Amino acid sequence: MTEATAEEYSPTNAPPLTKEQALSNLQSPDLSLRYYAAWWLGKFRVRSPAVVDALLAALEDETDRTEMGGYPLRRNAARALGKLGDLRAVPGLIKCLQCSDFYVREAAAQSLAMLKDKRAAQALMQLLEPGVAAAVQVPGRPHLTQPYEAILEALGAMGATEAIPLIEPFLEHPMPRVQCAAARAMYQLTRDFCYGEYLVKMLDSSNLQLRRVALADLGAIGYMPAAEAIAAAKVENSFKLLALKGLLEHQLQQESQGLFLTADAIRVMNLMDSLL
Amino acid sequence: MTATTQQLIRSVAEADSPAQMTAAVKKLAAAKDEAAIPTLIAVFGYNNPEAAAAAVAGLIALKEAAVPYLLAQIDDYNYGARAYSIRTLAAIADPRALEVLLSSAVNDFAPSVRCAAAKGLGNLQFCKLDPPQRQTAQTKALETLLLVSQDPNWLIRYAAVVGLEALAKIPQLQQPIQTRFAQILATDTEQAICARVQLAQKLGIEDKLQTEN
């Protein structure tokens, strides 16, 4: 969610790779080259059937393993597939939701959120089935049993209204970040303003990280009543501008062919101007 | 420097919590004393956004008097502080800031600094310059904003459109700016940028109608 907001933006960190090289590097005996190529193909959104095929094959990789049993190449391949927008990736990503590596499951859920294909709803819902009580920290690891934030966001993004009864209890999860993800999904699935206001309240949190999360969520759902609260939030302007851009885009999509601007769209742009 | 200002500067130096710092800076800003300028600028480097916002407001209120200090005291090693300086210079709009805004808009690595500079370039009070100087300055501002409007980063392009909109108030510059706006509408893939161009065009037409009536 924060990729485009990094303040230390540097246009020169791209290595001299070409599409062909990246594609052939995915088969390289050098594991680090494979790992990097998978990232690169997603980052530069190299959309071609051959790339999708190669990345789908990389989702099954067994050679690149971490000491903890993780699958680094699978993680990057799953992340890249979300960015390429090819729905052929959906079955492979659904399979990744069962991977033993938490970060593969997380990457797959995030990519399924981008692809918004409802074929994934059932598999995502299964991960929520055990309920909030099972959503606890894995001993000795910095994450929960499942990538709950990504799962909730994916179900909201793909409009899986049948998941509402499974999502709602997560508003009571002890971790505010998970609550935010649940509120975001609930708003997308019900359009009930109470969930938007839930996120607006999070903007007053004493935790900067959480304020950033709430901002990103409000931008993602395009919750227009939050515009002024976003502009006034105690967060870096770059994050606020990105959230307001989300509101603006949402507003523009609702307008007829964009030949005129609504008062709401103008209101958001005036706020954006003031933050430059 | 009055005794009060001295006292207020000391309380900024002695503040030992972010809240105390913010309160002290607000009081110092409210004094509207030019002697406070270097202290207010120094606040930009303290990583306290609320205090920095109060310092920006205080410096803007002091207008042209703050400009030489702001230009001399730009922090080359802290982009957060630099963004506050550029925002303040942009808001005061004194054309002595032209060179700094030109180079910041193109060369700074931090998007926040580049955005503030791009916005500022459109709003400078060019009328304060002598006619020959004025024309050169306007041309440079235009060329720079046209270049910046092609940046890969959407936020920089957005700021360039905001700068160009302001610059389009100058009659001689309207033609190239309208041409560029039409190009952006035809090619930019970001809806937000196209919407901002449409807003600029709408405001431009409204301005024109007002002056004609």
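## Extent of the interface

In this predicted model, the contact draws 24 residues from chain B and 23 residues from chain A. Between them, chain B and chain A bury about 2,100 Å², and carbon and sulfur atoms account for 62% of that area. Three residues, B:Trp154, B:Tyr158 and B:Gln191, contribute 24% of the area that chain B buries against chain A, more than any other three residues.

## Polar and charged interactions

Seven residue pairs are in polar contact across the interface of chain B and chain A, with both residues at pLDDT 80 or more. The number of salt bridges between chain B and chain A is three. A salt bridge joins A:Lys234 to B:Glu50, with 4.0 Å between the closest N and O atoms.

## Chain B side of the contact

On the side of chain B that touches chain A, two or more residues come from each of helix H6 (79–92), helix H8 (111–123), helix H10 (154–167) and helix H12 (191–212) of chain B. H12(B) provides the largest share, with seven residues. By class, this side of chain B comprises 15 nonpolar, three polar and six charged residues.

The whole structure contains one cavity of 30 Å³ or more. The largest cavity has a volume of about 50 Å³. Eleven residues line the largest cavity, and those nearest its centre are A:Asn237, A:Ser238, A:Leu241, B:Ser112 and B:Leu155. Helix H14 (237–254) of chain A and H8 of chain B are the elements that give two or more residues to this lining.

The lining of the largest cavity divides into six nonpolar, three polar and two charged residues.

Terms used: Residues are numbered from 1 along each chain as its sequence is written. Chains are lettered from A and ligands numbered from 1 in the order in which they are written. This is a predicted model: local features need pLDDT of at least 70, side-chain atom pairs count only at pLDDT 80 or more; totals for chains, interfaces and linings use all residues. Side-chain values use heavy atoms; hydrogens and water are left out. Contact means heavy atoms within 4.5 Å. Buried area is the accessible area (1.4 Å probe) that two parts lose on being put together, summed over both. A salt bridge is a side-chain nitrogen of Lys or Arg within 4 Å of a carboxyl oxygen of Asp or Glu. A polar contact is a pair of N or O atoms within 3.5 Å; within protein, one must be able to donate a hydrogen and the other to accept it, and residues adjacent in sequence count only if both atoms are side-chain atoms. Helices (H or I, at least four residues) and strands (E, at least two) are DSSP runs, numbered from the N terminus. Ala, Val, Leu, Ile, Met, Phe, Trp, Tyr, Cys and Pro count as nonpolar, Asp, Glu, Lys and Arg as charged, and the others, Gly among them, as polar. On a 1 Å grid over the protein atoms alone, a cavity is a set of points where a 1.4 Å probe fits but cannot get out, and a pocket is an open set with protein on both sides within 12 Å along at least five of seven lines; lining residues have an atom within 4 Å of a point. Grid points are joined across faces, edges and corners, and a volume is the space filled by probe spheres set on the points.
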